Amino acid sequence: MKLAAIDIGTNSIHMVIVEARSREQFDILMQEKEMVKLGEGVFASNIINDRAFKAGIETIKRYVQLADQFGVDHIITSATSATREAKNGRDFLDAIIAEAGLSPQLISGKEEARLIFLAVRKAIDLKGQRAMVLDIGGGSTEAVTGDNHKVDYCKSMKLGVLRLLDYVGHQNPLNEDELTRLKEHVRKTAQKVMQGALERGFDRIIGTSGTIRSLGEACLTKQGNPSPESVNAEWVSLEALEKLAKKLCTLNPEDRAKVNGISSNRADAVHLGAVLLVELMQLSGLNGITLSDASLREGMILDYLYRHDGVFESGIGGKHVKEKSCLLLASRYEVDVEEKFHVARLALQIFDQLKDIHGAETEDRQLLYHSCIIYEVGLFVKFQDYHKHSRYLIWNSQLRGFNNEEVLLLGHLARYHRKGGPKKKQKKFRKLIKSQQKRLRLLSGVLRVAVGLDKTKNQWVQHVYCVPETKKITIKVFAEETPDLEIWEAQRFSDVLSKSLKRNIEIVAG
C-alpha cells in the first residue's frame with residue numbers, strides 16, 4: 001500500500017510518500033517541503049494573508065499531482081496551528097477541497113503531539129526510558145511524555161517561531177530589554193505545561209521539527225560532527241544551545257543565514273526558536289537534548305496504519321450501551337474523542353447552570369452529551385457541508401440504545417452545531433413537532449456555544465460560569481491561555497441559545 005501524508009503547518013507544508021509493508025513498517029519513497037509560512041502575521045491579525053493563502057493552495061495542488069504520479073492509495077492531510085486560529089482558516093480549507101480535492105483534518109495541538117510521539121518512538125530507541133518530546137512549530141510548541149508503550153501527557157503551548165516573531169515585532173537583533181521580555185514571556189507561557197511534564201517524570205528530552213534540527217545541526221557542525229546533516233539520535237548539550245542562541249540574537253537575518261546549519265528560509269525567526277528551546281530546556285532541568293528526524297507526517301502514517309489494522313474498535317469504552325454506541329461510531333469515523341469529551345464538559349456546565357431557566361429534563365442532558373461525541377463524524381466524508389454529512393451518518397448508523405426520536409434529534413443536533421441555526425423555512429426542521437423543535441433549539445444552542453469555546457481545538461477553556469439576569473445571560477470563560485478566538489467564535493454562534501432562552505447572551509473572559 002502506498003500512502004501520502006501532507007502536513008499543513010504554520011511555517012512549512014510537508015509531504016511524505018511511503019510504501020507500507022506492515023502496521024509499523026514503511027519505506028519512504030519521497031519527501032517534499034515548501035516554506036509557505038501560512039502563519040506569517042496570523043497571530044497578530046488572525047488572517048492568513050493573500051500571498052500565503054495562494055501559495056499554500058498551489059503547493060498542495062502540486063503535492064496531489066506528485067502523489068497521483070506515485071500511484072498512492074490514500075492521501076492523509078492534517079492542518080495545524082495557523083489554520084486553526086485564522087478567521088479565514090475555514091475558507092482556506094474550503095479552497096483546498098475545491099481546488100485540490102482533499103479534505104484536511106483540522107487537528108488539535110494535543111493530537112499533533114500524540115502523532116509526533118508515535119513517530120519519535122519508531123525513530124529513537126527509548127531503551128525502556130521515559131521521554132519528553134518537544135516540537136517547535138511556527139504557531140505552537142507541543143510537549144508530550146511517554147514511553148515505549150503509551151503516551152500519558154500531551155500539551156500544546158502558544159509558543160512558535162512565527163508567533164514569537166509577531167510578539168517581538170521585527171527580525172532584527174534583540175537588545176537586552178527585548179531579550180529579557182522574550183524570556184519572561186516564554187517562561188510564563190510554558191511554566192504550567194513544563195511543570196505538568198516534570199510531575200509525570202522523564203529521563204531524556206527528544207527534539208523534533210525543522211527549527212530544533214537546524215539549531216542542532218549548527219551546534220554539531222561547530223563541534224566537528226562528521227555528518228551533521230544526519231541528526232537523528234544525535235545529542236546536543238544545553239551549553240552549546242545557549243551559546244548559539246546568544247550569538248543568533250546579535251545577528252541580523254542575513255548574517256544568521258550564514259551560520260552553518262541555518263537556512264535563509266529560517267533566518268527571520270530562528271533566533272527566537274533558539275531562545276524558546278533554551279528556556280524550555282532550562283525549565284526541564286536536563287543538560288542536553290536528543291535530536292530526531294521524526295515528524296508529524298510519519299506519525300500520521302503510523303496512526304493510519306494502526307487504525308486500519310482493526311486495533312481500536314475492540315477497545316471501545318463506555319459506561320452504558322448508548323455511550324458505547326456513540327464511541328464506536330466516533331471511532332469508526334476517526335473522530336478525536338478526547339476533544340469531544342472536552343466540548344461535552346463545557347456543554348454540560350452551561351446546561352446545568354441554566355437549568356432554572358430552560359427547565360429541561362435529564363433525558364435532554366444525556367442527549368446533549370451524546371451529541372457532543374458524534375457531531376463531527378461527517379468530516380470523514382469531506383469537510384464541505386460536513387455537518388449535513390454528520391446528520392446523514394447518524395441517521396443511518398443504527399445507533400444502539402436510542403429510540404427513533406432520539407436518533408432523529410441527534411442527527412439534527414449535528415446538523416445545527418455550526419453554520420445557520422434551526423429555522424422554520426427549513427423543510428426537515430418544519431417536519432418536527434413543536435416539542436421536538438423546542439428541544440432542538442435549546443440543545444443545539446448550548447452545543448454551538450460549547451463548540452465555539454473550543455475554536456482552536458486546544459482545550460484551553462477549562463470551565464464557564466453563567467450569570468443569569470432578567471434580560472441577559474453573561475457566560476464567563478476561564479482558560480489556561482487567552483481565549484480571544486474562542487470567545488469570538490462562541491459569541492458568533494450564541495444566537496440560537498439567545499432565542500431559545502429569550503435573553504441576550506454575552507460571553508466574556510472570566
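Arg 307 and Asp 303 sit four residues apart in helix H12, which covers residues 296-307, so about one helical turn separates them. The two form a salt bridge, and their closest N and O atoms are 2.8 Å apart. This is a predicted model, so please hear every value I give as computed from it.

How exposed or buried are the two partners? Arg 307 is partly exposed, at a relative accessible area of 24%. Asp 303 is buried, at 7%.

Arg 365 is partly exposed, with a relative accessible area of 31%. Asp 352 also counts as partly exposed, at 36%. Then there is a network: Glu 111, Arg 114, Asp 303, Arg 307 and Glu 334 are joined by salt bridges that share partners. Asp 303 and Arg 307, where I started, are among its members.

How many salt bridges does the structure hold? The count is 29. One of them is between the side chains of Glu 85 and Arg 163, at 2.5 Å from N to O. This pair links distant parts of the chain, with Glu 85 in helix H3, residues 81-85, and Arg 163 in helix H6, residues 161-168. They are 78 residues apart, and both are buried.

Now a charged residue without such a partner. Arg 415 is in helix H18, residues 404-415. Arg 415 is buried and has no salt bridge. Which side chain of opposite charge is nearest to Arg 415? It is Asp 385, and the distance is 7.9 Å. Leaving aside residues up to four places away in sequence, Arg 415 touches His 387, Lys 388, Arg 391, Gly 420 and Gln 426.

On to the strands. Strand E7, residues 141-146, pairs with strand E8, residues 151-157, in the antiparallel sense over six bridges. A hairpin of four residues joins E7 to E8. Within this pairing, Glu 142 has Ser 156 in E8 as its bridge partner.

There is also an open sheet of three strands, in the order E12-E13-E14, with mixed pairing. Its edge strands are E12, residues 461-468, and E14, residues 504-509, each of which pairs on one side only. From one strand to the next the twist averages 20°. Strand E13, residues 472-479, pairs with E14 in the parallel sense over six bridges. Lys 476 stands opposite Val 508 in E14. Helix H21, residues 484-492, lies across E12, E13 and E14, and runs at about 175° to E14.

Last, confidence. The chain averages a pLDDT of 91, and 96% of the residues score at least 70. Where does the pLDDT fall below 50? That is the case over residues 310-314. Beyond near neighbours in sequence, this stretch has eight contacts in the model.

Conventions. Residues numbered from 1 in each chain as written. Predicted model: local features only at pLDDT ≥ 70, side-chain atom pairs only at ≥ 80, totals over all residues. Heavy atoms only, no water. Pairing = 2+ DSSP bridges. Helix = DSSP H or I, 4+ residues; strand = E, 2+ residues; numbered from the N terminus. Axes fitted to C-alpha atoms, helices over the stretch in contact; angles between N-to-C directions. Contact = heavy atoms within 4.5 Å. pLDDT = per-residue confidence, 0-100. Buried < 20%, exposed > 50% of the residue type's maximum accessible area, 1.4 Å probe, protein only. Lys, Arg positive; Asp, Glu negative; His and termini not counted. Salt bridge = Lys/Arg side-chain N within 4 Å of Asp/Glu carboxyl O.
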